[in-house]
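Trainee: I am new to this structure. Can you show me how to read it, feature by feature?
Mentor: Gladly; here is what we will look at.

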Amino acid sequence: MATGRTHRPATRSRGIPEATVARLPLYLRALTALSERSVPTVSSEELAAAAGVNSAKLRKDFSYLGSYGTRGVGYDVEYLVYQISRELGLTQDWPVVIVGIGNLGAALAGYGGFASRGFRVAALIDADPAMTGKPVAGIPVQHSDDLEKIIAEDGVSIGVIATPAGVAQAVCDRLVAAGVTSILNFAPTVLSVPDGVDVRKVDLSIELQILAFHEQRKAGEELGEETAPAAPPAARTTSDSARTGADNGRATADSARSAADGGRKGPDGDAPAVMPA
């Protein structure tokens with residue numbers, strides 16, 4: 001059986017852009033669903049819609065694979081499944097170790113999608129002695145002291161880190177020193193790795209924060225619509241100016257009357273408190 005240690009994907013040697021590589025799993029998921037429904041062919045428009053991408057971008061991506069489809073017919077679903085699987089390296093066995101068997105690590109261990117996509121969970125590793133020997137998803141947990149031995153014996157080149165952030169870098173360093181060259185990091189921290197080691201980061205909290213931003217913006221837009229002013233500010237300014245002008249006119253008239261009555265005194269020589277109209 002081939003392992004990840006002796007076989008590497010051909011994507012880099014063929015010069016496929018990283019953005020295209022990132023979309024290949026989306027196409028494969030959509031194609032697999034079509035294959036399970038026994039759909040023989042699919043148009044670029046239909047497949048692009050199922051994968052959530054632009055059809056022109058899809059055709060460009062497939063051109064890197066040497067697949068152009070047939071005019072009026074579309075793409076052969078089964079052949080594309082094989083072609084993309086081969087390009088992603090999924091036609092061989094990839095042993096994977098998961099380090100950190102807490103709630104997240106245990107959930108990953110039980111994920112059924114690994115086996116169906118060419119990945120075999122070779123070992124579950126945790127630093128807690130109480131976890132050693134405990135079966136999780138049918139696989140006994142092994143202690144982290146045996147990490148290097150496990151990687152060497154199983155020819156592991158892909159490691160999954162599901163530990164707390166504080167120990168993630170130390171675990172990463174041990175994985176790399178033992179020969180792991182690809183890491184999927186679920187710990188909420190940035191890992192430092194040497195050249196030749198690939199890291200993919202999955203941070204659920206960041207994704208939720210991005211969603212919170214969009215929710216807040218949508219709520220702000222809705223609130224702005226509900227509290228919109230009845231009249232535009234310019235109209236109010238014109239109205240206020242007109243009222244101010246009227247008040248100034250009344251004040252001028254009052255001053256004129258006061259000046260005219262200045263010489264008239266009351267019985268005691270004072271100006272009367274109220275003057276007749």
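Mentor: Start with N185, which counts as buried because its relative accessibility is 1%. Buried means under 20% relative accessible area, exposed over 50%, and partly exposed in between, with a 1.4 Å probe and protein chains only. Keep in mind that this is a predicted model: local features need pLDDT of at least 70, side-chain atom pairs count only at pLDDT 80 or more, and totals for chains, interfaces and linings use all residues. Residues are numbered from 1 along each chain as its sequence is written, and side-chain values use heavy atoms, with hydrogens and water left out.

Trainee: Where is the place of N185?
Mentor: N185 is in strand β8. Helices (H or I, at least four residues) and strands (E, at least two) are DSSP runs, numbered from the N terminus.

Trainee: What does the side chain of N185 reach?
Mentor: Look for polar contacts. Each is a pair of N or O atoms within 3.5 Å; within protein, one must be able to donate a hydrogen and the other to accept it, and residues adjacent in sequence count only if both atoms are side-chain atoms. The side chain of N185 reaches the backbone oxygen of T189 at 3.0 Å. A polar atom of that side chain also lies 2.9 Å from the backbone nitrogen of A187.

Trainee: Which residues is N185 in contact with, leaving aside neighbours within four places in sequence?
Mentor: Contact means heavy atoms within 4.5 Å. For N185 the partners include I161, L191 and V202.

Trainee: How do I read the directions of side chains along a strand?
Mentor: In a regular strand the side chains alternate between the two faces of the sheet. Take strand β7, residues 158–161: I158 and V160 point one way, G159 and I161 the other way. All four are buried.

Trainee: Which strands do bridges join to β7?
Mentor: Two strands pair if DSSP finds at least two bridges between them. Strand β3 (residues 94–99) runs parallel to β7, joined by 4 bridges. Strand β8 (residues 182–185) is also parallel to β7, again with 4 bridges. Follow V160: its bridge partner in β8 is L184, and V160 is itself the partner of I98.

Trainee: What do β7, helix α8 and β8 make?
Mentor: They make a right-handed β-α-β unit, with α8 spanning residues 165–178. Right-handed means that, with the strands pointing away from the viewer, the path from the first strand over the helix to the second runs clockwise.

Trainee: How many helices and strands does the chain have?
Mentor: It has 10 helices and 9 strands. Of its 277 residues, 32% are buried.
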